[in-house]
Amino acid sequence: MSTKTARIIAFTAAASTLAIALAGCSGSGSTSSEGSGKPLVYIVPSSWANYEGLQENIDAYTEKTGVEVEVQGVPDEQYDQNIRAKIASGGGVDVFAGLNEEKDPGSFMTEITKPAFQDRMPASVFDSMMAADGKLYGIPAADGLSTFGIFYNKDVFEAAGITDQPETLDELTAAFAAVKGTGVTPLFLSGKDGWTLLQHRNAVNADFIGDNADLPKEMASNEGTWSELSGFDEQYDALAGWAKDGLTNADVLTASYEQATAAVAEGTAGAIINGSWVIGEIRGANPEGNFGFFALPNPSGATQIALSQPNIMHIAKDSTQKEAAQELLEFLIEPAQVENFLASNPGVPAFTDVTVAEPDPVMDEIQVWVDEKKTGAAFDTAARFPTPQDDIIAAYQELLAGRIDVAEFGTRYDAAWQAAGKTAGLDGF
C-alpha cells in the first residue's frame, strides 16, 4: 500500500465516528450452490449496478465457481423502500446493499462471526463497522473511500480565465459566470436522478461538521434544526441563485447523471457536484481529459471535505445460499478484484494489501486536503440517522425549479427530519 493511501485511511478512521450495521454470514465454506441452477440474487441501487468492474468481477466469480449471480439494480430514490419490501416478503434476496441504520439488524441480516477480511483492514476502520449491538453484520464492497465536492474540467475553467480554485461562494459564483461567458454551461445538475442532488448536501454537511464536529450526534438527537445552522441560508441561496441566473443547465430537473458526467468529460459543462466515484465515469468518457477537484466553499468557517466508508453488502437472514453469498462477497474483495474495480472507479482502498498502481491525478488533489488535515466524517454515517432522502430530494427539486425559496426549503427539510426521527422512535423526537 502506498504512503498516500495509508495516510488517507488512517486519518479517515480517526476523523470519523462511523458505526454502521453491516451484514454477512459466519465462516467460509464450499460453493454449495454450484450446479444448482439457482442464481445468487445481488441487489444494489441502480447507480451502483453500472459501476465498471463490478460485473467483470462477478463474471470472474461465476467462471471460477460455476455459481450464477443475478445483479438487480433498484432505482436509487426508491431503493430503501423497495428492498425493505423484498426482504419482508421473503422475495428471494441473497445479497443487498443499504439499510445500514435500521433497528435490530440481526432480525433480517446474517451476522459475520469469522470475518476473513478483518486482518486486511486497519483496526480502527474495521472497528467502525460494528453495529450498535456490538456485532458485525456485513462485508465491505470493493469500493474505495469517497469524498464529495466539485469535480471540474480544468480546460473549461482556464478558457474562462479561472486558474485559481475558488475559495468562497462569491468567487465560485464569479467563476461560473465567467464560464457562462464562454458559452459553456458552468454547473451541470442532474435532478432527474435525485440522488445526485444529495451529493451537494454531503458537500455542504462537510463544512457544517467542520464548524461543529458534534453536529451529527446533535442532529440525531434533535438538539438543533438544519435551517438554523450557520451557513445554511448562504449555501442554499447560492445553489438557488445558480439555477435562477442560468449558471446551470436549463434542463436541471430532467437531466440524468450520465448526461452530467458526459458534459464535464466533453467540456460542454464546467463542473459537477458529486462524489469521487464520478472520476471513473468522467475519465472513462475522456481518458486524457484535464480534470480537477475542489471543496464546496464554507461561507461561515473553514472549508473541509468529508471522507466516507466503502459501501457495505449484507446477506439476507432468509437467504438459502448463505455460504455461496459469503464466498461471492469475499471473492469480490480479494486484492486482484479490488484493484480491478478501483482501476475504473477511483477511490482510496480500504484494504492494506491493495495498491492502486497509478492513482488518478484528481485523487492526488483530494490527497492534498487529507495531508492538510482538512477532512472529517461523512455526516450520514457519523449520525446513524434514518435520513429522509426522498423528502430532501423533493425539496431540492422544488428549490431548483424556483417553486420555493430557501426559507421554505429549510422548513421542509426540518419537517422531514423531525418526521423521520419520530417514525424511527429515536430519543428526543
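Exposed, on this tour, means over 50% relative accessible area, and buried means under 20%. The model in your viewer is predicted.

**Stop one: helix α3**

Select residues 54-65, which make up helix α3. From first C-alpha to last, these 12 residues reach 17 Å, close to the expected 16 Å. Now colour L54, N57, I58, Y61, T62 and T65, the buried residues of α3. Look down the helix axis: these buried residues fall within an arc of 145°, so they line one face. What sits on the face turned away from the buried side? There you will find the exposed residues E63 and K64.

Next, show what covers the buried residues of α3: the cover includes β1 (40-45), β2 (69-74) and α13 (322-332). Just after the helix, click on G66, whose phi is positive, at about 85°.

**Stop two: salt bridges**

The whole structure holds 8 salt bridges. Start with R201 and D380, whose side chains meet at 2.9 Å, N to O. R201 belongs to helix α8 and D380 to helix α16, so this pair ties together parts that are 179 residues apart in sequence. R201 is buried at 1% relative accessibility, whereas D380 is partly exposed at 23%.

Move on to R412 and E408, another salt bridge, with the closest N and O atoms 3.0 Å apart. Both lie in helix α18 (residues 406-424), 4 residues apart, or about one helical turn. R412 is partly exposed at 36%, and E408 is partly exposed at 30%.

Finish at K374 and E372, a salt bridge with its closest N and O atoms 3.1 Å apart. Here K374 is partly exposed at 34% and E372 is partly exposed at 45%.

Key. Residues numbered from 1 in each chain as written. Predicted model: local features only at pLDDT ≥ 70, side-chain atom pairs only at ≥ 80, totals over all residues. Heavy atoms only, no water. Helix = DSSP H or I, 4+ residues; strand = E, 2+ residues; numbered from the N terminus. Expected span 1.5 Å × (residues − 1). Buried < 20%, exposed > 50% of the residue type's maximum accessible area, 1.4 Å probe, protein only. Arc of directions from axis to C-beta. Contact = heavy atoms within 4.5 Å. Salt bridge = Lys/Arg side-chain N within 4 Å of Asp/Glu carboxyl O.
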